Amino acid sequence: MVFGYGKACLILNPDTGLTGNAMMRAGAEIYRRSRACPSPQTRIRAAAAAIQRLDWDLSAVPWVQVQKELADLLEPQPATCELANLGQRALDERGLRPVELFVLALQLTVFRLTGQLASMSQFISTPEMTQFHEAFCGCVEEDGLWVRFEAAVMSQQTACRRARSQVALPTALALFRSWHAGSRGRYVNAVFRCLARLVRALGLDDEGQGRDIVMSHPAVVPGVEMVGRPGVRLPYVRLFGVHYQVLERGARLTLMPGREWTIPNQALVTELGVTADLLLERLAGRP
């Protein structure tokens, strides 16, 4: 979308299967390519924007309710933190990859804080992961822990690869609805409302699965400086969202609490740092 004063923005739809990282990288790439285009030699005078008065009656707007709903989405606590020991150099020395280690550290941290395994956008519970979790919390020798760690990582990759090859039913239906408008669109919406009730009655509604925690990818992309949306809550996530980047000597992350998350950001980051350090220590003796 290009505005009249020369500024532009991109509006992307996550229902098409694009992740937040892909959207940010696409925006950065489009911006980079646009700067390579030659500027016009002559100055083009733009027509004055037309101003139209909006005759809206706002007397009936429930402003107290609006302010309450807005307040529920705001989060004033500090959101961006750093983990000094979780850098790329420390991971390379131990032969570890950032995604696997960070996902496991975050999963173990949430379990220690809540006593429950959370569903994550880059995590699917597998028997191998359960075995690693039990071994990590127990007194298993480092060699045995490494075997379970590699088995858990492999099972995660296989399960996530299988999940990415499928499209959730609500998302597929939303994409189909977006193709229809007018009278046909109203007919399709009426049919879909009946279908949605049937899907819920049969227990096939998987909307919300994998929405306890949503995560970004840790790669540092040139031209993409924003790593999160601090100061807000995510209404579509039950626990929290996290954007993180693994740098040379540490990791930077931005937390966005969800609907039901009440633990302060700093407490979560502190516990995450302890868990990550313990993982690095126990996985240091790779056979």
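**Helix packing and the nonpolar core**

L104, Q107, L108 and F111 in helix α4 meet M129, F132, H133 and F136 in helix α5, where contact means heavy atoms within 4.5 Å. By class, this contact of α4 with α5 has 6 nonpolar, 2 polar and no charged residues. Ala, Val, Leu, Ile, Met, Phe, Trp, Tyr, Cys and Pro count as nonpolar, Asp, Glu, Lys and Arg as charged, and the others, Gly among them, as polar. The model is predicted: local features need pLDDT of at least 70 and side-chain atom pairs count only at pLDDT 80 or more, while totals for chains, interfaces and linings use all residues. Residues are numbered from 1 along each chain as its sequence is written, and side-chain values use heavy atoms, with hydrogens and water left out.

**Helix pairs**

- Helices (H or I, at least four residues) and strands (E, at least two) are DSSP runs, numbered from the N terminus.
- α4 and α5 pack at an angle of about 65°, with their axes 12 Å apart; axes are lines fitted to C-alpha atoms, for helices over the stretch in contact, and angles run from 0 to 180 degrees between N-to-C directions.
- α4 and α5 are therefore roughly perpendicular to each other (65 to 115 degrees; under 35 is roughly parallel, over 145 roughly antiparallel and the rest oblique).
- α5 and α9 pack at an angle of about 90°, with their axes 12 Å apart, and are therefore also roughly perpendicular to each other.
- In that pair, F132, A135 and F136 of α5 meet L278, L279 and R282 of α9.
- The contact of α5 with α9 has 5 nonpolar, no polar and 1 charged residues.

**The largest nonpolar core**

- A nonpolar core is a set of buried Ala, Val, Leu, Ile, Met, Phe, Trp, Tyr and Cys residues joined through side-chain atoms within 4.5 Å.
- The largest such core has 42 residues, of which L86, L106, F132, I213, M215, F240 and L279 touch the most other members.
- Elements that each supply at least two residues include α4 (98-114), α5 (127-137), α9 (265-282) and strand β4 (251-257).
- α4 gives the most to this core, with 8 residues.
- Not counting residues up to four places away in sequence, L279 touches L101, L104, A105, L108, F132 and F136.

**A251**

- A251 is found in strand β4.
- At 1% relative accessibility, A251 counts as buried (under 20% relative accessible area; exposed is over 50%, partly exposed in between, with a 1.4 Å probe and protein chains only).
- Leaving aside neighbours within four places in sequence, A251 is in contact with C81, E82, L83, L86, Q245 and V246.
- A251 and Q88 are 163 residues apart in sequence and 8.3 Å apart in space, C-alpha to C-alpha.
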